[in-house]
Each structure stands twice: as C-alpha cells, then as structure tokens.
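Welcome, and thanks for taking a look at this one. Below is a short briefing to read alongside the model.

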Amino acid sequence: MSTAALAAWTWDDAWLTRATTWITGVVEERGTRLIGTIERAHVRPWSSVLSVPTTEGTWWFKANGPGAVHEAPLVRTLHALTAGRVPDPVAVDESTGWFLLRSAGEPLTAAPTLEADLARWETIVGEYAALQRDLVPYAEELTAVGAPDLRPEKAPDTFDALLDDPAALWLDQPAGLTREEYDGLLALRLDVRDWCDELAGLGIPATVQHDDLHAGNVFRGPGGYVFIDWADACVSHPFGSLLHPERELTSRWGLSPGAPELERLRAAYVAPWSCTYDPATLRRARRLALLITCVVRALAWRRALDGVERAALKEYYATPESRWLRKLLHAAPLS
C-alpha cells in the first residue's frame with residue numbers, strides 16, 4: 001500500500017512523536033512505567049494501533065481517522081455500562097479521539113472443526129446478544145457520545161444520501177457500480193423504506209450494533225468474552241450484528257444460507273428475545289435487519305475512509321460502498 005493512501009494518523013513521524021508523548025504522560029500519571037519500546041502493532045488506512053509494554057501488562061493505544069473519533073468516548077461509555085465485556089480504557093482524549101486500553105485478554109485461535117467453531121460462536125453470540133439487550137435503555141446515551149444513529153427509521157434517508165452521490169460509488173469505474181446496478185438501487189428506494197417501516201413495526205428495540213463482529217474482534221477475558229474494535233458501531237436494529245458471524249461460518253466451512261448449523265447460531269443469538277417475540281417475528285426481523293445492514297456497512301466504510309486518498313488503495317478497500325450496496329441489490333448479504 002502506498003504511503004500516499006495513509007493519512008497522518010497512520011504513518012507520519014511527527015504524529016507518532018505526539019502520540020508516544022501522550023502515551024508516556026498517561027503511563028506516568030497512572031503510576032506505572034514502560035518496560036519496553038512503544039511499537040506499531042498495525043497500520044491501516046483508517047486507524048493505527050500501538051502496543052505499549054508496561055509494568056501492568058501490555059496496553060493498547062488506538063487512533064482513528066476523523067470519521068471514527070467517536071470510538072474513544074463510546075468505548076468509555078460501553079465499559080462503564082458493561083464492565084468486563086468491553087476493554088477497560090485507561091485514558092481517553094476526546095480532542096484527538098485517542099484512547100489507551102488495558103489488554104482485553106487472549107485472542108481467539110482457529111477452531112479445528114466446524115462443530116468446535118459453531119459451539120464457540122453459539123456462546124459468543126449469546127453473550128453478545130445479552131449485552132445488547134442490557135444496553136437497550138441506553139440507546140440515547142450512546143448516540144449522545146457519538147455512535148451513529150442508524151435505527152430503521154433513519155436508514156432510508158441515509159440510503160438516499162448514498163445514492164445521491166454517484167461519484168462516490170465509482171459509477172462505471174472498475175469495481176464501482178455499473179449504470180445498470182445504480183439504476184436498480186434507485187428503483188429499490190421505496191422497497192428499502194417499506195423494509196425499514198416493517199422492521200421498526202416489529203417492535204424489537206434499537207440498541208448498540210457492533211457492525212464488525214468477526215472472530216478477530218472477540219477475546220477471551222477472565223469473566224467471559226470481550227468485544228473489541230467499536231469503530232464501526234452504531235445504534236441500530238440489534239440483529240444486524242449477526243451478519244459477520246453468519247458470513248464467517250458460511251465462508252470458512254462452505255455452509256449454505258439454510259444450513260442447520262446456521263440455524264443453531266441464529267437460535268443462540270435470538271434467545272434473549274425469544275421470551276418476548278415469537279419465532280416468526282424473530283426470523284423476519286433477522287432477514288430484514290441483514291438487508292438493512294448492507295446500507296449500514298456501506299456507511300461505516302464511508303466514515304472509516306474519511307480523509308483517505310482512495311485512489312492509492314487496493315481495489316477492495318477503494319470501493320466498499322459499491323460492494324455492500326451490490327449485496328443489497330441482489331438480496332444476498334451473506335455473499
């Protein structure tokens with residue numbers, strides 16, 4: 001990847017000096033000390049993570065681009081509301097969006113079999129769904145600290161806004177939307193509104209929606225699973241969070257969308273809602289939520305790449321909005 005694609009928060013030496021100075025100050029204020037060198041853990045066009053070895057274990061510093069600076073206060077709020085399920089923030093700087101986290105635990109390792117992977121995911125989504133239900137009363141608090149408000153009532157307008165900027169969809173360019181696809185999406189505008197109205201009418205309340213719930217963002221903590229990387233999170237219909245676990249199992253094990261293993265995963269996830277809503281309602285809500293989450297994912301990518309020179313990116317990262325809207329067009333969010 002060319003450095004032309006990387007903004008100051010990911011590679012600039014002057015930025016790195018400022019960041020390490022801030023980190024060192026926090027470490028000293030907390031009464032601990034560094035026991036090694038602060039190093040880059042990973043660099044992405046949209047964020048940078050540094051590992052910080054301290055006498056209290058490795059801490060993790062993260063900086064996002066301008067479209068995701070809200071992750072810092074959001075993580076602080078989520079941790080306060082659900083201690084043990086979200087990493088513990090040592091410090092947050094809201095002026096920059098920088099934050100420093102204690103270790104979340106141990107990352108997941110590759111599962112050796114489908115059954116082992118599925119059993120693990122059943123537990124993960126069950127714990128995650130319980131977290132979502134616990135946070136339903138705090139939806140307004142989460143949007144107040146910056147989580148994008150993408151409840152079903154708001155999604156049609158955001159879909160329209162995406163389509164009203166065809167240049168950003170790389171229309172008739174490599175990996176962008178074709179004119180035929182774009183016209184097809186324009187024709188879906190009323191359908192999207194109908195889907196959102198129906199989804200809202202089912203009555204399942206909005207809550208936090210991680211929007212990137214893959215295995216790399218789940219750690220084993222001392223009290224259960226810990227969920228990291230909330231940069232794409234929003235307040236939306238909860239069932240959109242099923243998108244990544246379903247896609248991951250489908251892709252890794254060659255499952256069909258109707259496979260019994262996926263039905264087990266879905267049952268584990270909706271269990272916290274099953275005492276309030278009947279199975280038919282839960283199935284329909286999942287279907288509609290996954291469709292709408294194609295719009296939510298397109299918007300998450302747009303925020304993530306705010307300020308990034310896309311022409312220098314690999315094709316996959318340069319045109320994510322088109323990729324996700326195309327899934328909506330073909331009604332195939334799991335593809």
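Is Ala175 buried, partly exposed or exposed? Ala175 is partly exposed, with a relative accessible area of 26%; here buried means under 20% relative accessible area, exposed means over 50%, and partly exposed is in between, with a 1.4 Å probe and protein chains only.

Please keep in mind that this is a predicted model, in which local features need pLDDT of at least 70 and side-chain atom pairs count only at pLDDT 80 or more, while totals for chains, interfaces and linings use all residues. Residues are numbered from 1 along each chain as its sequence is written, and side-chain values use heavy atoms, leaving out hydrogens and water.

**Overall build**

- The protein has 13 helices and 10 strands, taken as DSSP runs numbered from the N terminus (helices are H or I with at least four residues, strands are E with at least two).
- Its radius of gyration is 20 Å, which agrees with the value near 20 Å for a compact globule of 335 residues; the radius is taken over C-alpha atoms, and the globule rule is 2.2 Å times the number of residues to the power 0.38.
- Along the principal axes, the C-alpha atoms fill a box of roughly 55 × 45 × 40 Å.
- Of the 335 residues, 53% count as buried.
- Among contacts (heavy atoms within 4.5 Å) between residues at least 6 apart in sequence, 71% join residues at least 24 apart.

**Surface and charge**

- The accessible surface comes to about 14000 Å², and carbon and sulfur atoms account for 53% of it; the areas come from the Shrake-Rupley method with a 1.4 Å probe.
- There are 33 positive and 45 negative side chains, and the centres of the two sets lie 3 Å apart. Lys and Arg count as positive and Asp and Glu as negative, without His and the chain ends, and each charge is placed at NZ of Lys, CZ of Arg, CG of Asp or CD of Glu.

- Strand β1 (residues 39-43) runs antiparallel to β2 and is joined to it by four bridges; strands pair if DSSP finds at least two bridges between them.
- β1 and β2 form a hairpin with three residues between them, and Glu39 has Ser51 as its bridge partner in β2.
- Ser51 stands opposite Trp60 in β3.

**A three-stranded sheet**

- An open antiparallel sheet has the strand order β6-β8-β9. Its edge strands are β6 (106-107) and β9 (224-227), each pairing on one side only.
- Four bridges link β8 (residues 218-221) to β9, and Val218 has Phe227 as its bridge partner.

**Helix α9**

- Buried residues in α9 (residues 243-253) include Leu243, His244, Pro245 and Leu249.
- Their cover includes α4 (114-135), α10 (260-270), α11 (279-304) and α13 (320-329).
- Gly254 follows α9 and has a positive phi, near 65°.

**The loop between α6 and α7**

- Asp172 lies in the loop between α6 (155-163) and α7 (179-187). Its phi is positive, about 60°, although Asp172 is not a glycine.
- Asp172 is exposed, with a relative accessible area of 52%.
- Ala175 is in the loop between α6 and α7, and its phi is near 70°, a positive value in a residue other than glycine.
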